[in-house]
Amino acid sequence: MKFELLDRYMRRFELERQYSFPPEMYIVVQLRGQEFPSLFQKKDFQLPYDSRFKELMIETASHLMQSKLSIQYGYAFEDEISLFIPKTMDNL
């Protein structure tokens, strides 16, 4: 499948500024850091990877996973945290 066709197909599932989702849809929330390069300079982090920053990202992902959303999977990579939210939210 060509990239353009796949891109067009997948874009229809992107929901921007909508606050409700179909009940049968899996939800992946992606949190990205916008100003991390300036944060690295202010806080004296070692570029490109710093163990202190890694620990902060893991702690943030862990905190989010323990919220009321009952997140099933969390993934932290570089300046991004992705969270997989289950289809049904009946346990809230």
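Helices here are DSSP runs of H or I with at least four residues, strands are runs of E with at least two, and both are numbered from the N terminus.

**Entry 1: ground rules.** I am working with a predicted model, in which local features need pLDDT of at least 70, side-chain atom pairs count only at pLDDT 80 or more, and totals for chains, interfaces and linings use all residues. Residues are numbered from 1 along each chain as its sequence is written, and side-chain values use heavy atoms, with hydrogens and water left out.

**Entry 2: overall layout.** I counted 3 helices and 3 strands in the protein chain. Along the sequence they follow the pattern α-β-α-α-β-β. I then looked up burial (under 20% relative accessible area is buried, over 50% exposed, in between partly exposed; 1.4 Å probe, protein chains only). Of the 92 residues, 16% count as buried.

**Entry 3: the sheet.** I took two strands as paired if DSSP finds at least two bridges between them. The 3 strands form an open sheet in the order β1-β3-β2, with antiparallel pairing. β1 (27–32) and β2 are the edge strands, each pairing on one side only. For angles I used axes fitted as lines to C-alpha atoms, for helices over the stretch in contact, with values from 0 to 180 degrees between N-to-C directions. Neighbouring strands of this sheet are turned by 15° against each other on average, direction ignored. β1 and β3 (residues 80–85) pair over 6 bridges, and leucine 31 has isoleucine 81 in β3 as its bridge partner. α3 packs on the sheet and touches β1, β2 and β3, its direction making about 20° with that of β3. Contact means heavy atoms within 4.5 Å.

**Entry 4: the second largest pocket.** A pocket is an open set of points on a 1 Å grid over the protein atoms alone where a 1.4 Å probe fits, with protein on both sides within 12 Å along at least five of seven lines; lining residues have an atom within 4 Å of a point. Grid points are joined across faces, edges and corners, and the volume is the space filled by probe spheres set on the points. I read about 300 Å³ for this pocket. It has 12 lining residues, and Tyr49, Phe53, Phe77, Glu78 and Asp79 are the closest to its centre. α3 (51–65) and β2 (73–77) each supply at least two lining residues, and α3 gives the most, with 4.

**Entry 5: glutamate 24.** I found glutamate 24 in the loop between α1 (3–11) and β1. Glutamate 24 counts as exposed because its relative accessibility is 55%. Its C-alpha is 9.5 Å from that of proline 86, 62 residues away in sequence.
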